[in-house]
Amino acid sequence: MLSLAILAGGLAKRLRPLTETVPKALVPVAGEPFIAHQLRLARDRGISRVVLCVAHLGEMIRDFVGDGGRFGLEVQYSFDGGQLLGTAGAVRNALPLLGEAFLLMYGDSYLPCDYGAVEAAFQASRKQGLMTVFHNQGQWDASNVEFRDGRILVYAKGRPNPGMQYIDYGLGALRASAFEHLPEGPCDLTSVYQDLVARGELAAFEVSERFYEIGSFEGLAALEERLARGNP
């Protein structure tokens, strides 16, 4: 399978004071740092190589995960450096490690879907990017995607409209060429996806499993509950 980039460089302000001295990836969930659950899930879904894009307290993540061997993975690291690069900037910085095409997910996401099917849909589309979408209807977070007849018509975080019944599930697939149009300096993945939508270069794959995230205390509690039931 393609390599998986995980964006684990955020400041996690919504989880303070937990994240003042510990990066979000290492916040305890069901007795272990979150990233341990995330990496095992990725491995069990067929991933063998991960590139962690880190910044805030990234050395602590590297010290815990190491080379990934104990998770059955090969793990490498891409550090933002002197300034936070934003989600798209962090990926652009990691392109030498990621190659021509790769899967991508956020560092606070726990996504129990079929990664192999996502990759297959991406490769079959021959487009520069693919976004997984979930029929959220505002249930788990604010819906941000207008999706119809297998196509993403609008993607707009923070600007919901009645036509948005879907949400960006959190697992994407991208080609390095999708980052050629980025401006210099810090930038966000939202602009990359919106550019791909505008150029007809963003495929979509609908998933049916709900997503989990630890970006908030509510999300953290929901994942704790799932894992406590013995569901990986």
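Trainee: How many bridges join β4 to strand β5?
Mentor: Two strands pair if DSSP finds at least two bridges between them; strands are DSSP runs of E, at least two residues, and helices are runs of H or I, at least four, numbered from the N terminus. Here six bridges join β4 to β5 (residues 74-79), and the two run parallel. Val 54, for instance, has Phe 79 in β5 as its bridge partner. Between them the chain passes through helix α2 (residues 58-65), a right-handed β-α-β crossover: with the strands pointing away from you, the path from the first strand over the helix to the second runs clockwise. This is a predicted model, where local features need pLDDT of at least 70, side-chain atom pairs count only at pLDDT 80 or more, and totals for chains, interfaces and linings use all residues. Residues are numbered from 1 along each chain as its sequence is written, and side-chain values use heavy atoms, leaving out hydrogens and water.

Trainee: Which residue in β4 is the bridge partner of Leu 7?
Mentor: Cys 53. Strand β1 (residues 4-8) and β4 pair in the parallel sense, over five bridges.

Trainee: Why is β4 described as largely enclosed by the rest of the structure?
Mentor: Buried means under 20% relative accessible area, exposed over 50%, partly exposed in between (1.4 Å probe, protein chains only). Six of the six residues of β4 (residues 49-54) are buried, so the strand is largely enclosed. Arg 49, Val 51 and Cys 53 point one way, Val 50, Leu 52 and Val 54 the other, and all are buried.
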